[in-house]
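Subject: The model we talked about

Hello,

Here is the structure I promised to pass on to you.

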Amino acid sequence: MAFSIVTWNINSVRLRLPIVLELLETWQPDVLCLQEIKCPNDQFPSAAFKKAGYEHLAVHGQKGYHGVATISRSAFTSEPEPMSFCDSGHTRHIATRHKIPGVDGTALLHNFYVPAGGDEANPDINPKFKHKLEFLNAMLEAFTGNLAHEKNIVVGDLNIAPSEHDVWSHKQLLKVVSHTPIEVDLLNKLRDDAAFTDLVRQHFPEPEKLFSWWSYRSRDWAVSDRGRRLDHIWSHADIAAQLSGVDIMRDARGWLKPSDHVPMRAVFG
DNA sequence: ATGGTGGACGCTCCA
């Protein structure tokens, strides 16, 4: 009895509702985690998701920017949990609790939209990059502190491509925010200190190139293939032991009116 | 070295 979780930065859930419903039809995941829904809670298209069989919704949105939502076919095993990660009022996180077949107890599923960080990789002159580092440090503190006893799953747009095999050109992106050593080191420290397994790399080991995002600002994304792996699925070891598959839906980048990110799923059991 | 595109919002910000 498999259980699957999908994560997708949708870049406006209202504009792209048709392709989200298409994805649900194709993959029929148990849980879908969306980032950049770009709408307040009361404008989230809840009715369409309920009609599609996803009756349990945890929406944390705001007007115009950011926003995350986790939707599920089965009930959460407790109320969705709001937490603050130094996000200065931004809606960048929601946690929901789930029973996963084969895993003792419950899993706490964290849906994240980490700040992109602006253009300049210097926290002294760029407040957006400073915010990104503070957000990651708050995640480090939480997952090595009060959340350390939980069976955590972290999914979402972490806005960092950590490995040289997670970008089209390591050398050309070393000074580009998303792949600079300061943020990569911090993300790797978070993963290691909090004992997370990178499930996507567990399934597709290095040195295979993996991308989940391609910029809108290129003539032909598929030909130039200048992608980055900005989206991630991590978990506690007990949950990683149940992983049976990972898929990255690269084709979705070529759909009509696509998001610049593609959906990614982990299957357990 | 530069600028390229896209979404929300409302005379501009963010990615």
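What follows is a short tour of the sheets, the cores, one serine and the DNA contacts. Please keep in mind that this is a predicted model.

**The six-stranded sheet**

Let me begin with the open sheet whose six strands run in the order β3-β4-β2-β1-β13-β12, with mixed pairing. Its edge strands are β3 (56-60) and β12 (243-248); each has a single partner strand, so one side of each has no neighbour in the sheet. From one strand to the next, the twist averages 10°. At the β3 end, β3 and β4 are paired in the antiparallel sense over five bridges, and Leu57 has Ile71 in β4 as its bridge partner. Helix α1 lies across β1, β2, β4, β12 and β13 (264-268), and runs at about 160° to β1.

**The nonpolar cores**

The largest nonpolar core has 27 residues, and those with the most contacts inside it are Trp8, Val13, Leu32, Leu34, Ile37, Phe44 and Phe49. Two or more residues each come from β1 (3-9), α1 (17-27), β2 (31-35) and β4 (68-72). Of these elements, α1 contributes the most, with six residues.

Setting aside neighbours within four places in sequence, Phe49 is in contact with Val13, Leu17, Val20, Leu21, Leu24, Leu34, Phe44, Tyr54, Leu57 and Ile71. Two of the residues in that list, Leu57 and Ile71, are the bridge partners mentioned above. There is also a second, separate core of 26 residues, which includes Phe135, Leu158, Ala194 and Phe196.

**The five-stranded sheet**

The other sheet to look at is open as well, with five strands in the order β5-β6-β7-β11-β8 and mixed pairing. Here β5 (93-98) and β8 (197-198) stand at the edges with a single partner strand each, so one side of each is left without a neighbour in the sheet. Further in, β6 (residues 107-113) and β7 (residues 151-157) pair in the parallel sense over seven bridges, and Leu108 stands opposite Asn152 in β7. Helix α3 (residues 127-144) lies across β6 and β7, and its direction is at about 175° to β6.

**A buried serine**

Ser169 sits in the loop between β7 and α4 (170-173). Is Ser169 buried or exposed? Its relative accessibility is 11%, and buried means under 20%, so Ser169 counts as buried. A polar atom of the Ser169 side chain lies 3.1 Å from the backbone nitrogen of Gln172.

**The DNA side**

Now for DNA strand B. There are 16 residues around DNA strand B, and Ser12, Arg16, Tyr216, Arg217 and Lys257 come nearest. Which parts of the DNA strand B face the protein within 4 Å? Of the atoms within that distance, 64% belong to sugar or phosphate, and the rest belong to bases.

- Tyr216 has a backbone N or O atom 3.3 Å from a sugar or linking oxygen of DNA strand B.
- Arg217 has a side-chain N or O atom 2.6 Å from a base nitrogen of DNA strand B.
- Lys257 has a polar side-chain atom 3.0 Å from a phosphate oxygen of DNA strand B.

Happy to go through any of this together.

Best wishes

Methods: Residues are numbered from 1 along each chain as its sequence is written. Chains are lettered from A and ligands numbered from 1 in the order in which they are written. This is a predicted model: local features need pLDDT of at least 70, side-chain atom pairs count only at pLDDT 80 or more; totals for chains, interfaces and linings use all residues. Side-chain values use heavy atoms; hydrogens and water are left out. Two strands pair if DSSP finds at least two bridges between them. Helices (H or I, at least four residues) and strands (E, at least two) are DSSP runs, numbered from the N terminus. Contact means heavy atoms within 4.5 Å. Axes are lines fitted to C-alpha atoms, for helices over the stretch in contact, and angles run from 0 to 180 degrees between N-to-C directions. Buried means under 20% relative accessible area, exposed over 50%, partly exposed in between (1.4 Å probe, protein chains only). A polar contact is a pair of N or O atoms within 3.5 Å; within protein, one must be able to donate a hydrogen and the other to accept it, and residues adjacent in sequence count only if both atoms are side-chain atoms. A nonpolar core is a set of buried Ala, Val, Leu, Ile, Met, Phe, Trp, Tyr and Cys residues joined through side-chain atoms within 4.5 Å. A residue is near a molecule or strand if one of its heavy atoms lies within 4 Å of it.
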